[in-house]
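Please look over the sequence and the structure shown below before reading the briefing that follows. The points are grouped by topic, so that each can be checked against the picture in turn.

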Amino acid sequence: MVAPSLPSPPNPRPPVEPAGGALPRPEPRLRLLVTEDRVHADEHWTRQMPRLLGPLGVEAARVPSGTAALDAASRMRFDIAVIDLATPAGGSGPLRPPASGLWLLEVLRRMEGAPATVVINAAAGPRQAERLLLASLRLGASAVIPRPVELNTLLEAIRRVLRRGHQDRWPGDAATRPPAA
């Protein structure tokens, strides 16, 4: 199976080395927020994605819980959030949110500048899978993919989100920005 390709970034100008010798870190072309349901081995898709997409200018931030995801989203703008429905809520005490990726999906969608979302469905059976699929779509998910996650399927879902939300261009390109009023 051939891996789907994401849109090619435009040809950047060759870097010019500043007087200090070190090149400044370029602004990422796309920012992904990735939630994990637990710590994974290096072969897991949550670990592979940043390494595979980094050379294309994609910055992927992995977070271990819903509260960590909200904290990251409040500090930085993300273009796409990949939410595993089995992600623990995090936090503690009487105000601890429910342990549900659906809760995170709902809170993220209410944030200003909410990212598009790709949901990983962690359902145990067909009835639960259908219920979580419908709930995710109702809460604004752009795509829902089943577990176990195949990296090609996830990359294809991200590509479709870029095609639909950014006219097959990288977020921030001049062609995807609305005209100035």
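Predicted model: local features only at pLDDT ≥ 70, side-chain atom pairs only at ≥ 80, totals over all residues.

- The buried residues of H4 are Leu-132, Ala-135 and Ser-136, and because they fall within an arc of 100 degrees when the helix is seen down its axis, they line one face of H4.
- In general, an α-helix has 3.6 residues a turn, so residues three or four places apart point the same way.
- These buried residues of H4 pack against helix H3 (101-110), S4 and S5.

**Length, direction and end of H4**

- H4 has 13 residues, which at 1.5 Å a residue should span 18 Å, and this agrees with its end C-alpha atoms, which are 18 Å apart.
- Helix H4, made of residues 126-138, lies across S4 and S5 and runs at about 170 degrees to S4.
- Just after H4, Gly-140 takes a positive phi of about 100 degrees.

**The sheet**

- An open sheet is formed by 5 strands in the order S2-S1-S3-S4-S5, and their pairing is parallel.
- Strand S2 (58-63) and S5 are the edge strands, each of which pairs on one side only.
- Direction ignored, neighbouring strands of this sheet are turned by 20 degrees against each other on average.
- S4 and S5 pair in the parallel sense over 4 bridges, and Val-118 has Ala-143 in S5 as its bridge partner.

**The nonpolar cores**

- The largest nonpolar core has 21 residues, and those with the most contacts inside it are Leu-32, Trp-45, Met-49, Ile-80, Val-82, Val-118 and Leu-154.
- At least two residues of this core are supplied by each of strand S1 (30-35), helix H1 (45-53), strand S3 (80-84), strand S4 (116-121), strand S5 (143-146) and helix H5 (151-166), and H5 gives the most, with 7 residues.
- A second, separate core of 20 residues includes Phe-78, Leu-102, Leu-132 and Ala-135.
- Leaving aside neighbours within four places in sequence, Val-118 is in contact with Ile-80, Ala-81, Val-82, Ile-83, Ala-143, Leu-154, Ala-157 and Val-161.
- In soluble globular proteins, nonpolar side chains tend to be buried together.

Methods. Residues numbered from 1 in each chain as written. Heavy atoms only, no water. Core = buried A, V, L, I, M, F, W, Y, C linked by side-chain atoms within 4.5 Å. Buried < 20%, exposed > 50% of the residue type's maximum accessible area, 1.4 Å probe, protein only. Contact = heavy atoms within 4.5 Å. Pairing = 2+ DSSP bridges. Axes fitted to C-alpha atoms, helices over the stretch in contact; angles between N-to-C directions. Expected span 1.5 Å × (residues − 1). Arc of directions from axis to C-beta.
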